[in-house]
Amino acid sequence: MEFHVDLGPQYEGEVIRKEDLYMEFGGPKVAHKFELATLKRPEEIENEKVELIGPDISELEPYDEVKGGGSYPIAVLVDIAGEELDKDAESIIERKIHMYTNYTEGWYHMNQRDAMWMRVNKDCAKKGFNSLKELGEIYNFLFTSEMAIIEKIQTTIITDEEKIAKLLPQALEIYKARDNRALTLRDEDVDTFYGCVLCQSFAPTHISIIAPDRIANCGAINWFDGRAAAKIDPEGPIFAIPKGKLIDPIKGEYEGVNKVEYEKSLATYDRVYLYSAFEHPHTSCGCFEAIVFYIPEVDGFGLVHRDYKGECVIGETFSHMAGETSGGKQVEGRLGTGLEQLRSPKFIQADGGRRRMVWLPKEIKERYREAFEADGVYDKIPTEEEVKNVDELLPYLEKVGHPWIKGEVELPE
Ligand code: SF4
């Protein structure tokens, strides 16, 4: 197949900065965006069809260094069919949208689900790539040539904001159902975890460990998804990890995980704790949904998510902190994480868990209300509405009697 640009893994890791930006879809400036893969019956799919609903690249104003603009809503819907495919494969195929967009010369993809963000550069536009239909054709081509298990595919790209806004709640429900399913299983119930190295193009020493109690950093792959991916795409970036001997049940250290961490991190790290932010915390790539950060002034933890606008309680923005946390490093006291991790009983359990959280964005506190209520700290944790900086933090925590400040949280031994 002929395209205006070249395709291949060599283009992964290509970052598009403002100077080279032609246009972007999704991302923080855009309210409505999502990507979704759906398994359908073969008769529901018109094989290799690409449909665009809404204005195309050639009809949209590009980004202008003076005027700005150039950011547009988008939904990418990939429908697939195949005798050997099951529902578990959906999230894996969806995550490959990230990979295949990045395989496309001049295109860049970050994040996932309803946080996805794509950029196209000026060179690509100059080469004549001026239709999103071509991107859809590239997806159809790469999915079917790389994954024999996909027998039929059709891609729909929507840029009509009204239509995207209408479909987005259904997508959110699907993401939620996937996440809820994973809550039924604990790490001790299985012998196999999964690893993902898809983000090594950006973060060469990063490996996501995916366990029942640990959704991947990007929040897009849970243990069930990892299992499905390793089965349908054995040569792909997601693989099984025999978890091996449990070295430390509190910190979450496993012999098999350490071994894989060493092999896949270019021998940079040989230990990883799955349930702690200290000593050997999980590596952080760049796709994480949120950052858990240590606040030395109160010896507690805060969390800031990707959509949080402005400076958080420690006076830093998400993007500034992400710069220091990402790249595949283990950074003590800084943990890139998937948000669903907050529901896990093992969430930084060695460090005090949710009861050591002393600041949260309001949106996240509400979204995970149940988990914090179960731990009796929901009404003790301030948000940006009550506490704006570290100076205000300790007096507030003392006033409300936060259990960590009162010394009521015992660290497990
Ligand atoms: S964040 Fe982790 S799980 Fe998600 S795509 Fe990247 S490496 Fe894979």
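What share of the contacts in the protein between residues at least 6 apart in sequence join residues at least 24 apart? The answer is 70%, where two residues are in contact if their C-beta atoms, placed from the backbone, lie within 7 Å.

1. Basis of the note. This is a predicted model, in which local features need pLDDT of at least 70 and side-chain atom pairs count only at pLDDT 80 or more, while totals for chains, interfaces and linings use all residues. Residues are numbered from 1 along each chain as its sequence is written.

2. Overall form. The protein has 10 helices and 17 strands; these are DSSP runs numbered from the N terminus, with helices being H or I of at least four residues and strands being E of at least two. The radius of gyration is 21 Å, close to the 22 Å of the globule rule for 413 residues, so the protein is as compact as a globular protein of that length. That radius is taken over C-alpha atoms, and the rule is 2.2 Å times the number of residues to the power 0.38. The C-alpha trace spans about 65 × 50 × 40 Å along its principal axes.

3. Burial. Of the 413 residues, 48% count as buried. A residue is buried if 20 or more other C-beta atoms lie within 10 Å of its own, exposed if 12 or fewer, and partly exposed in between, with C-beta atoms placed from the backbone.

4. Domains. The assignment gives domain 1 (9-182) and domain 2 (187-400); such bounds come from an automatic or database domain assignment. Their centres, taken over C-alpha atoms, are separated by 26 Å. The contact takes 21 residues from domain 1 and 21 residues from domain 2. On the side of domain 1 that touches domain 2, helix H1 (90-103) and helix H4 (161-182) each supply at least two residues, and H1 gives the most, with five residues. The residues of that side divide into nine nonpolar, five polar and seven charged. Here Ala, Val, Leu, Ile, Met, Phe, Trp, Tyr, Cys and Pro count as nonpolar, Asp, Glu, Lys and Arg as charged, and the others, Gly among them, as polar.

5. Ligand shell. The ligand is surrounded by 13 residues, the closest being Cys196, Cys199, Ser208, Ala216 and Cys218; a residue is near a molecule if its C-beta atom, placed from the backbone, lies within 6 Å of it. The shell divides into 10 nonpolar residues, two polar and one charged.

6. The open sheet. Four strands form an open sheet of mixed pairing in the order E4-E1-E7-E6; two strands pair if DSSP finds at least two bridges between them. Strand E4 (71-72) and strand E6 (107-110) stand at the edges with a single partner strand each, so one side of each has no neighbour in the sheet. Strand E1 (residues 21-26) pairs with E4 in the parallel sense over two bridges, and phenylalanine 25 stands opposite tyrosine 72 in E4.

7. Tyrosine 22. This residue is found in strand E1. Tyrosine 22 is buried, with 20 other C-beta atoms within 10 Å. Leaving aside residues up to four places away in sequence, tyrosine 22 touches Pro62, Tyr63, Val120, Asn121, Lys122, Cys124 and Ala125.

8. Strand E15. With six of the six residues of E15 (residues 300-305) buried, the strand is largely enclosed by the rest of the structure. Strand E14 (residues 290-295) runs antiparallel to E15 and is joined to it by six bridges, with alanine 290 opposite histidine 305. Their hairpin has four residues between the strands, and aspartate 299 takes a positive phi near 55 degrees there. Strand E17 (residues 357-359) runs parallel to E15 and is joined to it by two bridges; methionine 357 in E17 is the bridge partner of phenylalanine 301.

9. Positive phi in a loop. Most residues other than glycine have a negative phi. Alanine 267, which is not a glycine, has a positive phi of about 60 degrees, and lies in the loop between helix H6 (255-264) and E14. With 10 C-beta neighbours inside 10 Å, alanine 267 counts as exposed. Glutamate 279 is placed in the loop between H6 and E14 and has a positive phi near 60 degrees. Glutamate 279 is partly exposed, with 13 other C-beta atoms within 10 Å.
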